[in-house]
Amino acid sequence: SAKGGWAQAAARRSGQASRRHRADSKRNVVVYSEADEPHIWPDVNDFVVAETGDVVTALIPTDSFLYIAFRGSLYRFTFDLNPALDGSVHFFSARGCINQRCWARLGDALYIIDHLGIYKLEGGGVEDISGSVHDLFTLQIPGDWKVDWAESQYAHAVADQENNVVRFFASLTGPTWPRHCIAYCPLNKQ
């Protein structure tokens with residue numbers, strides 16, 4: 001497990017960790033700062049996630065891990081004392097994330113949207129929760145309403161802690177901006 005809250009502090013959306021785009025041979029380098037020095041990014045504080053031919057789409061911090069998402073896969077990073085010395089990255093799931101804004105935390109669970117649908121990440125397991133709206137995510141099933149993946153850079157997720165609902169905003173067949181919402185309530189499981 002990550003000590004000192006590094007996983008939380010490092011990938012916080014405030015920018016304490018980022019993916020650095022370099023030459024094509026090093027597209028998936030994650031760069032990090034020390035916990036007490038968020039403004040200093042030494043060249044030695046980086047690691048390559050995986051050379052999958054895909055690009056890192058999101059960094060998702062939890063208490064013990066930093067999840068590193070690609071479009072179609074999810075890796076888990078952890079370390080004991082020093083990320084440079086004893087850090088390790090392991091494949092976690094064949095699910096991914098659309099972009100940095102397409103995940104939300106509600107309670108102890110993470111809710112993430114990828115090209116296969118919506119899934120919940122909790123307790124080390126992955127559960128697909130998009131059964132009732134699965135048709136929106138696939139072109140193989142006929143229907144008028146489909147997620148417009150050409151405009152997925154604008155998609156995003158919001159967790160409403162007060163009402164216990166996660167909302168995913170996307171563009172469905174048409175407009176550029178995400179004006180359609182898919183809502184999920186964990187209490188009702190729908």
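Here is a walk through this structure, from the whole chain down to a few single residues.

Keep in mind that this is a predicted model, where local features need pLDDT of at least 70, side-chain atom pairs count only at pLDDT 80 or more, and totals for chains, interfaces and linings use all residues. Residues are numbered from 1 along each chain as its sequence is written, and side-chain values use heavy atoms, with hydrogens and water left out.

Let's start with the overall picture. The chain holds 2 helices and 14 strands; these are DSSP runs, numbered from the N terminus, with helices being H or I of at least four residues and strands being E of at least two. Of the 190 residues, 44% are buried. Buried here means under 20% relative accessible area, while exposed means over 50% and partly exposed is in between, with a 1.4 Å probe and protein chains only. Take the contacts (heavy atoms within 4.5 Å) with a separation of 6 or more: 41% of them join residues 24 or more positions apart.

Now for the inside. A nonpolar core is a set of buried Ala, Val, Leu, Ile, Met, Phe, Trp, Tyr and Cys residues joined through side-chain atoms within 4.5 Å. The largest one has 32 residues, and Tyr111, Ile112 and Phe168 touch the most other members. Strands that give two or more residues to this core include E4 (58-61), E8 (103-106), E10 (117-122) and E14 (180-184). The top contributor is E9, with 5 residues.

What about the empty space? Rolling a probe the size of a water molecule over the atoms shows where it is left. On a 1 Å grid over the protein atoms alone, a cavity is a set of points where a 1.4 Å probe fits but cannot get out; a pocket is an open set with protein on both sides within 12 Å along at least five of seven lines, and lining residues have an atom within 4 Å of a point. Grid points are joined across faces, edges and corners, and a volume is the space filled by probe spheres set on the points.

The largest pocket has about 300 Å³ of space. Its lining has 17 residues, and Thr62, Asp63, Arg105, Asp108 and Gly123 lie nearest its centre. E9 and E10 each supply at least two residues of this lining. By class, the lining of the largest pocket has 6 nonpolar, 6 polar and 5 charged residues; Ala, Val, Leu, Ile, Met, Phe, Trp, Tyr, Cys and Pro count as nonpolar, Asp, Glu, Lys and Arg as charged, and the others, Gly among them, as polar.

The second largest pocket has about 160 Å³ of space. E14 gives the largest share of its lining, 3 residues. Ser130 is one of the residues lining this second pocket, as are Ile118 and Tyr184. Ser130 sits in the loop between strand E11 (125-128) and E12, and it is buried, with a relative accessible area of 0%. Beyond four places in sequence, Ser130 is in contact with Leu116, Gly117, Ile118 and Phe137.

There is also 1 cavity of 30 Å³ or more. The volume of the largest cavity is about 40 Å³, and its lining includes Ile98, Cys102, Trp149 and Ala170.

Asn28, in the loop between strand E1 (17-20) and strand E2 (29-32), counts as buried because its relative accessibility is 1%. Asn28 and Phe70 are 42 residues apart in sequence, yet 9.5 Å apart in space, C-alpha to C-alpha. Not counting residues up to four places away in sequence, Asn28 touches Phe70 as well as Phe47 and Val49, among others.

Asp160, in strand E12, is buried with a relative accessible area of 17%. Residues up to four places away in sequence aside, Asp160 touches Leu106, Val165 and Arg167.

Asn164 lies in the loop between strand E12 (156-160) and E13 and is partly exposed, at 21% relative accessible area. Most residues other than glycine have a negative phi. Phi of Asn164, however, is near 55°, a positive value.
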